[in-house]
Amino acid sequence: MELLDKLNILADAAKYDAACTSSGLDRSGRPGTIGSTTLAGCCHSFSADGRCVSLLKVLQTNLCVYDCQYCVNRRSNDVPRAAFTPEELCELTMGFYRRNYIEGLFLSSAVIRNPDYTTELMIRTLGILREKHRFGGYIHAKAIPGADPLLTRRLGLLADRLSVNIELPSSPSLALLAPDKKKESILTPMSQIRDGISQSKREIAVYRHAPRFAPAGQSTQMIVGATPESDRHILTLTQALYNRYQLKRVFYSAYIPVSSSPLLPVPEHFQPPLLREHRLYQADWLLRYYHFRAEEILDESQPDLDPRMDPKCCWALRHLDFFPVEVNRADYEALLRVPGLGVRSARRILTARRVGPLTFEGLKRLGVVLKRAQYFLTCSGRMMAGLRVSEDSLLRHLVSLEAPALAAPMPEQLSLFNSAV
Amino acid sequence: MFWTQVCCQYDGTYPGFLSCVFDCYVNREEPVEFRTPEDMCCSLYPLRTVETDESHALRVYRSFENFGREGRELAVRCFLTCLPDKELWLWRFLRLGYRQGKKAVQNLTDPTVDKVRKAVWHLEHETHQYKGFTRFSELEGVLVGEIEPKNRVLPLLRPHFCSRYPQERFVLYDRIHSEALFHRPGKWAILSVDNFTPGPAGEAEQAFRKLWRAFYNTIAIEERYNPRCRMTHMPKRYWAMMTEFQEDYGTAFPEVNVLPSAPK
């Protein structure tokens with residue numbers, strides 16, 4: 001099989017992994033090596049679906065012994081199978097990296113023979129890349145649940161970021177759709193990686209040249225929309241993962257039908273829940289950067305995120321007593337709660353108001369988008385001039401702001417002959 | 001006390017501009033226009049031709065210490081931007097800086113500071129985009145890349161690419177400003193280059209381009225097709241120089257005749 005065919009098959013099999021970030025680690029290149037990483041990461045291209053292409057995202061192999069119902073690589077699926085040899089994959093990575101096509105390698109794998117064998121194969125690839133080619137770029141590797149902890153450790157010493165996919169948001173769903181995987185077998189490597197990272201950090205504080213274990217942290221991914229969990233359940237789980245496992249990121253991936261299993265939503269009329277995924281990411285940002293708690297975003301009476309509005313707007317509408325916020329006095333935390341104000345705007349406000357009082361004109365110049373924020377702010381005690389909104393029309397205003405951007409249902413062509421009555 | 005308003009003529013370089021600042025302060029004159037000898041139009045204001053003086057420039061440059069780290073960065077980077085009348089805005093910014101010191105940078109609502117900051121942000125943003133969107137081709141062991149930036153991004157791209165490829169020989173050519181960054185292990189230079197024509201691509205290079213295009217086309221998920229999102233993140237003006245689009249040239253794109261032609 002030619003390299004081109006292998007690449008086609010194994011990139012196609014890997015594309016459903018959401019994570020393609022190259023962030024979290026600053027490492028400048030050293031003479032004699034090739035490659036560097038930057039803290040913010042770097043997108044090298046954007047694919048036709050608008051997702052960032054930062055890493056060469058491929059599987060080592062798509063030959064799998066498991067039969068997970070949601071997965072395109074499951075044993076029972078009739079797809080072409082291929083496997084990269086470690087040398088081939090290294091050659092490909094280096095060729096792409098030198099031409100500035102990519103920021104590094106994202107290496108995942110289906111489970112060939114057993115988890116240990118698979119991990120050994122990945123370690124061989126990464127070993128050649130790091131030692132023979134002296135590659136200093138970004139490497140994101142998937143830890144294979146069920147592999148020997150010592151192998152996972154060796155993988156972490158070669159990679160910059162490790163991830164274990166949690167796949168489905170609850171253990172009953174997992175038992176139903178991925179009978180070969182157990183919740184414990186997923187969480188065990190996760191806590192092992194967490195402990196490895198914190199131990200490595202302590203060691204580096206003492207010895208500068210101590211080996212670095214997954215210096216860019218770990219992340220995970222779950223599939224949304226294949227199983228009946230509520231958004232509240234997912235967000236609570238996410239928060240627990242951030243707190244308990246110190247994850248850098250949790251990725252959500254809207255379920256896309258790749259299987260005709262009777263246990264999954266019907267493929268014909270099923271639309272991937274992209275808007276729900278978008279809202280979940282918005283809520284995820286609130287958790288990570290805006291000091292929100294999952295319980296604040298959604299409570300028991302409201303288990304799902306409102307598709308019409310972003311979660312911060314929803315929170316604001318439920319807490320109108322908190323507003324309006326006075327731009328010239330409010331602290332950073334309060335500013336972050338205002339819909340339309342982000343981390344950057346809030347920081348700019350803090351800087352600018354040291355010089356003099358801020359007006360709405362000034363806010364615009366700072367780059368604050370007043371579209372949403374105007375309803376929730378006062379400048380020196382005044383609302384924006386000419387703005388008159390009662391509480392009940394506020395909801396309508398906010399919903400109409402987002403309405404054009406939301407995907408309208410595709411108009412359907414009526415057929416004269418095919419009337420299914 | 002008003003300063004006399006003048007038109008400064010300088011050689012278009014940064015030291016030249018700093019010499020203008022020096023001379024204007026010495027002569028108590030306020031520049032309201034900057035021009036280079038190539039500019040055709042003449043000015044109604046009295047013309048001052050400023051000779052570039054390295055020692056004067058250095059003194060002005062050192063005075064930027066008073067603006068704080070951020071302010072100094074703005075004062076230097078603003079000159080690389082594509083802001084119309086950047087010299088004038090920069091002059092106003094410097095005046096403000098000398099009057100208020102570090103505080104000037106914090107005054108984000110001031111029109112001058114705002115203008116300079118936004119221009120520099122544009123420069124830095126474009127630099128970041130080009131860190132990702134630059135494409136190199138290997139021609140006889142040398143990596144060759146070309147870009148078409150609005151701002152002069154090469155000085156800002158230089159540390160990134162030199163750190164990324166410490167063992168490589170590479171050339172990065174800026175078509176708009178006719179400058180090129182040359183690098184070989186341990187040494188680099190940014191020189192102005194008038195005519196830049198790299199040779200044709202070899203077989204190995206063609207093969208890698210093919211592989212990359214295959215990967216790029218495979219990685220998109222059909223069910224999530226979202227061209228608008230792609231254009232937001234990667235505006236079309238970058239596409240012409242990117243390997244993954246070079247097979248799909250329509251007439252809407254500029255012709256890339258300098259780059260070796262894409263495989264059919």
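**Reading the terms of a predicted model**

Biologist: How is the model to be read, and how are its parts numbered?
Modeller: This is a predicted model, in which local features need pLDDT of at least 70 and side-chain atom pairs count only at pLDDT 80 or more, while totals for chains, interfaces and linings use all residues. Residues are numbered from 1 along each chain as its sequence is written, and chains are lettered from A and ligands numbered from 1 in the order in which they are written.

Biologist: What makes Ala214(A) buried?
Modeller: Ala214(A) has 29 other C-beta atoms within 10 Å and therefore counts as buried. Ala214(A) is not a glycine, yet its phi is positive, about 40°. The residue is in the loop between α6 (183-206) and β7 (218-224) of chain A.

Biologist: Why is Leu47(B) called partly exposed?
Modeller: Leu47(B) has 13 other C-beta atoms within 10 Å, so its count falls in the partly exposed class. Leu47(B) belongs to strand β3 (residues 47-49) of chain B.

Biologist: Which residues does Leu47(B) touch?
Modeller: Two residues are in contact if their C-beta atoms, placed from the backbone, lie within 7 Å. Leaving aside residues up to four places away in sequence, Leu47(B) touches Cys7(B) and Gln9(B).

Biologist: What is the omega of the bond between Phe323(A) and Pro324(A)?
Modeller: Omega is about -5°, and the peptide bond is cis. Most peptide bonds are trans. Pro324(A) is in the loop between α10 (311-318) and β9 (325-326) of chain A.

Biologist: How many residues does each chain give to the contact between chains A and B?
Modeller: Chain B gives 43 residues and chain A gives 46 residues. On the side of chain B, the elements giving two or more residues include α6 (111-133) and α8 (203-219), and α8(B) has the largest share, nine residues.

Biologist: How do the residues on that side of chain B divide by class?
Modeller: They comprise 19 nonpolar, 12 polar and 12 charged residues. Ala, Val, Leu, Ile, Met, Phe, Trp, Tyr, Cys and Pro count as nonpolar, Asp, Glu, Lys and Arg as charged, and the others, Gly among them, as polar.

Biologist: Which domains does chain B have, and how far apart are their centres?
Modeller: The assignment gives domain 1 (4-125) and domain 2 (134-245), with bounds that come from an automatic or database domain assignment. Taken over C-alpha atoms, the two centres are 32 Å apart. Five residues from domain 1 and five residues from domain 2 of chain B take part in their contact.

Biologist: What percentage of chain B counts as buried?
Modeller: Of its 264 residues, 36% count as buried. Chain B contains nine helices and eight strands.

Methods:
Helices (H or I, at least four residues) and strands (E, at least two) are DSSP runs, numbered from the N terminus. A residue is buried if 20 or more other C-beta atoms lie within 10 Å of its own, exposed if 12 or fewer, and partly exposed in between; C-beta atoms are placed from the backbone.
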